[in-house]
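Subject: Structure handover

Hello,

Here is the structure for you to look through. My notes on it follow below.

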Amino acid sequence: MPESQSVFPRHIAIIMDGNGRWAKERGLPRAQGHRAGAESVRECVEACSELGVEFLTLYAFSSENWNRPKPEIDALMKLLERFLKDKTGEIIKKNVRLRAIGRIHLLPDSCRKQLDHAIHASAENTGLTLILALSYGGREEIVDAAKRLIESSSPEDLANLGTEEFARHLYTSEYPDPDLMIRTSGEMRLSNFLLWQLSYAEFYITKKNWPDFRRGDLEEAITEYQRRHRRYGGL
Ligand code: IPE
Ligand code: IPE
Ligand code: MG
């Protein structure tokens, strides 16, 4: 168990990677890996909720994932819809507030409907805020923010623009930046995830594939985070 007296991460962000490899190792179709990954999501949400993490952002589908073969995209969208259908009750019961970031309008209608429903039904909850990054890309987010900013600003506003004001136009304007970024399956890259917000996050990479990532692994990542010295460029 991580010690709660040391600094605890308020916001954890996870790149849930390695579902395909998990399935391949077992001679199963990739979709099986995604299905198995849903159980890791459930367990991590529950653990974060119980440990008192305030925000959990899960990278579930990237802008670039639209380039995958259509059957894989369809399987992922179906799985998301099913997950939301099955878990909304539990989300509400556990006092979790569901939110989403990304170009959500690109998701299939049935998926978006289920997502909207879960977001609305859990809007008044006061526990963990669970943020699903869907059809999300960090570069796309920055472009979207720039567009919104230009639409709503005078030339003088733009001349005086600072980073805090800019960040108020990102999808994540209501949330603090992640303290800890976890990536499963060993890849040492960001893959277009929260490019702006991860500027000073601590990174924790594990070789385990996402379907094998369990509560104990999350606690290990938090413990490792608590050993780090965050300096933010100072001394
Ligand atoms: C992560 O697993 C899930 C998504 C990107 C949607 P992958 O599907 O990327 O699995 P690998 O990386 O091919 O093993
Ligand atoms: C990142 O994983 C996206 C998600 C986990 C949703 P990818 O599997 O898409 O990333 P790359 O292709 O290895 O960089
Ligand atoms: Mg991958």
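A residue is called partly exposed when its relative accessible area falls between the buried limit, under 20%, and the exposed limit, over 50%. Arg42, at 21%, therefore counts as partly exposed. Please keep in mind that this is a predicted model.

**Arg42 and its surroundings**

Arg42 sits in helix H2. Which residues does Arg42 contact, leaving aside neighbours within four places in sequence? They are Lys87 and Glu90. With Glu90 the contact is a salt bridge: the side chains meet at 3.4 Å, N to O. Glu90 belongs to helix H3 and Arg42 to helix H2, so this pair ties together parts that are 48 residues apart in sequence. Glu90 is partly exposed, at 26% relative accessibility. For a distance across the model, take Arg42 and Ala123: their C-alpha atoms are separated by 19 Å, and the two are 81 residues apart along the chain.

**Helix H3**

H3 covers residues 70-93. Its 24 residues should span 34 Å at 1.5 Å a residue. The C-alpha atoms at its ends are 35 Å apart, which agrees. There is also a kink in H3. Where is the kink centred? On Lys87, with a bend of about 50°. Lys87 is one of the residues in contact with Arg42.

H3 has a set of buried residues, among them Ile73, Leu76, Met77, Leu80, Phe83, Leu84 and Ile91. The buried set also includes Glu72, Glu81 and Thr88. What covers them? The cover includes helix H2 (30-51) and helix H4 (109-121). It also includes strands E2 (55-62), E3 (97-101) and E4 (129-136). After H3 comes Asn95, which has a positive phi near 65°.

Asp74 and Lys70 meet side chain to side chain at 2.9 Å, N to O. Both lie in H3, four residues apart, about one turn of the helix. An α-helix has 3.6 residues a turn, so residues three or four places apart point the same way. Asp74 is partly exposed at 32%, whereas Lys70 is exposed at 58%.

**Other salt bridges**

How many salt bridges are there? The count comes to 30. Another one joins Arg215 and Glu50, with the closest N and O atoms 3.0 Å apart. That pair links distant parts of the chain: Arg215 is in helix H8 (residues 215-227) and Glu50 in helix H2, 165 residues apart. Arg215 is partly exposed, with a relative accessible area of 23%. Glu50 is exposed, at 51%.

Helix H8 also holds Asp217. Is Asp217 buried or exposed? At 12% relative accessibility, Asp217 counts as buried. Not counting residues up to four places away in sequence, Asp217 touches Lys208 and Asp212.

**Two serines in one loop**

Look next at the loop between strand E5 (180-183) and strand E6 (202-205). Most residues other than glycine have a negative phi. Ser185, in this loop, has a positive phi near 70°. Ser191 lies in the loop between E5 and E6 too. Its phi is positive as well, about 50°, although Ser191 is not a glycine. Ser185 is buried, with a relative accessible area of 8%. Ser191 counts as partly exposed, at 29%.

**A nonpolar patch**

Which residues make the nonpolar surface patch of about 240 Å²? Ile150, Leu158 and Leu161 make it. Ile150 is placed in helix H5 (residues 138-152). Ile150 is exposed, with a relative accessible area of 54%.

**Where to start looking**

I would begin with H3. You can find the kink centred on Lys87, then the salt bridge from Glu90 to Arg42. Finish at the patch made by Ile150, Leu158 and Leu161.

Best wishes

Technical notes
Residues are numbered from 1 along each chain as its sequence is written. Chains are lettered from A and ligands numbered from 1 in the order in which they are written. This is a predicted model: local features need pLDDT of at least 70, side-chain atom pairs count only at pLDDT 80 or more; totals for chains, interfaces and linings use all residues. Side-chain values use heavy atoms; hydrogens and water are left out. Buried means under 20% relative accessible area, exposed over 50%, partly exposed in between (1.4 Å probe, protein chains only). Patches are made of residues with over 30% relative accessible area and no salt bridge: like charges are joined within 9 Å, nonpolar side chains (Val, Leu, Ile, Met, Phe, Trp, Tyr) within 5 Å. Accessible areas come from the Shrake-Rupley method with a 1.4 Å probe; for residues, only the protein chains shown count as cover. A salt bridge is a side-chain nitrogen of Lys or Arg within 4 Å of a carboxyl oxygen of Asp or Glu. The expected span of a helix is 1.5 Å times one less than its number of residues. The bend at a residue is the angle between axes fitted to the seven residues ending there and the seven starting there. Contact means heavy atoms within 4.5 Å.
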